[in-house]
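Please look through the sequence and the structure shown here. The report that follows takes the fold first, then the packing, then single residues.

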Amino acid sequence: MQASWMILASLFFASMSVCIKFAATHFHTFELVFYRGLIGMAFMATLCKMQKVSLRTAIPMMHVWRSIIGVASLSAWFYAIAHLPLATAMTLNYMSGVWVAAFLIGGTLVLGRLQDASKQGPVVLTVIAGFSGVVMILRPTIEQNQLFAGVIGLLSGLGAALAYMQVAALGRLGEPESRTVFYFSMGSTLVGAIAIVFTGASAWTWPEALWLLPIGILAALGQLSMTKAYTSGATLVVANLQYSGIVFAALYGLFLFGDQIPLMGWAGMGLIIASGIAATALRNRALPQAPAEEH
């Protein structure tokens, strides 16, 4: 059942990215962030009420910091979805697992624990493989004048990794995940609203505006399904099934948008998926009760 919930969550997130790609033809990135956050905030507030989880928190600044990182990552991902093939944007965002592994290595070196660093050969190889996959993906984007969007997509994965580590820290302090997601949605709404004041709001025209509602609903359903998958602990199988989202995105891109990705790009995606799975396995040794990741 856990595996089924994770596959369903991946399908919801991939479907959300389809809606974003359609909506991005008319609405700019921060408008999409705003609507995604607004609908998600209403959904999570209702869920918290149903679960009898108070929205009051004793550590507001940690939520502020988590929201800043998360909103930056979300905005970068939405931009990448609008300007890259769907599967490429999804894969670069899912680099978060490899980034987390890179942070673990960096933290070990910064603390001067060279003896521990010498034992992290598998982690180092995982990181190298992941970034090799990135190079393979970005090379075709250079040929198609999409390098800037590719770099933004890569940064979305970096931000997702930082946000993931912050969520893990909140979890260790006893913060319910539903409350954490609520404050993240609130942050998305506030940042999006402030940006709209300066950039202006696009006119609501049909059918483009119809894509805004499912963006928030699918994001909330994806998060809820992923939370259910992680309810009894993040087993390795469940954690790795999140990469099925890349497969769903590739199918959507192929049949809905006619995305043409060179063989090298597909090979790079495969390498990132493999390194992400390996990184997840290694990460779970250090953090067996890992929180659910957000996309």
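How many helices and how many strands does the secondary structure of the protein chain come to? The count is 13 helices and zero strands, where helices (H or I, at least four residues) and strands (E, at least two) are DSSP runs numbered from the N terminus.

## Basis of the report

This is a predicted model, in which local features need pLDDT of at least 70 and side-chain atom pairs count only at pLDDT 80 or more, while totals for chains, interfaces and linings use all residues. Residues are numbered from 1 along each chain as its sequence is written, and side-chain values use heavy atoms, with hydrogens and water left out.

## Overall fold

Along the sequence, the pattern of the protein chain reads α-α-α-α-α-α-α-α-α-α-α-α-α. The protein chain has 295 residues, and 53% of them are buried. Buried means under 20% relative accessible area, exposed means over 50%, and partly exposed lies in between (1.4 Å probe, protein chains only).

Contact means heavy atoms within 4.5 Å. Among contacts between residues at least 6 apart in sequence, 91% join residues at least 24 apart.

## Nonpolar cores

In soluble globular proteins, nonpolar side chains tend to be buried together. A nonpolar core is a set of buried Ala, Val, Leu, Ile, Met, Phe, Trp, Tyr and Cys residues joined through side-chain atoms within 4.5 Å. The largest one here has 59 residues, and Met16, Leu32 and Phe78 touch the most other members. Helix 1 (residues 2-23) gives the largest share of this core, 10 residues. Another core lies apart from it and has six residues, including Met41, Met44, Leu47 and Tyr183.

## Helix 3 and its partners

Two packed helices are described by the angle between their axes and the distance between the axes. Axes are lines fitted to C-alpha atoms, for helices over the stretch in contact, and angles run from 0 to 180 degrees between N-to-C directions. Helix 3 (residues 60-83) packs against helix 4 (residues 86-93) at an angle of about 160 degrees, with the axes 8 Å apart. Helix 3 and helix 4 are therefore roughly antiparallel, a term for angles over 145 degrees. On the helix 3 side, Ser73, Trp77, Ala80 and Ile81 make the contact, and on the helix 4 side Leu86, Ala89, Met90 and Asn93 do.

Helix 3 also crosses helix 8 (residues 147-172) at roughly 155 degrees, and their axes come within 8 Å. This pair, helix 3 and helix 8, is therefore roughly antiparallel too.

## Cysteines and Ser178

Cys19 is buried, with a relative accessible area of 7%, and Cys48 is buried, at 1%. How many disulfides does a search of the whole structure find? It finds zero, a disulfide being a pair of cysteine sulfur atoms within 2.5 Å.

Cys48 is among the residues that Ser178 touches. Ser178 is in helix 9 (residues 177-199) and is buried, with a relative accessible area of 9%. Leaving out residues up to four places away in sequence, Ser178 also touches Met44, Leu47, Gln51 and Val53.

## Two loop residues

Most residues other than glycine have a negative phi. Lys52 has a positive phi of about 60 degrees although it is not a glycine. Lys52 lies in the loop between helix 2 (29-50) and helix 3 and counts as exposed, at 75% relative accessibility.

Pro262 is in the loop between helix 12 (244-256) and helix 13 (263-286). Pro262 is partly exposed, with a relative accessible area of 32%. Pro262 and Arg139 are 123 residues apart in sequence, and their C-alpha atoms are 9.8 Å apart in space.

Conventions: Parallel < 35°, antiparallel > 145°, perpendicular 65-115°, else oblique.
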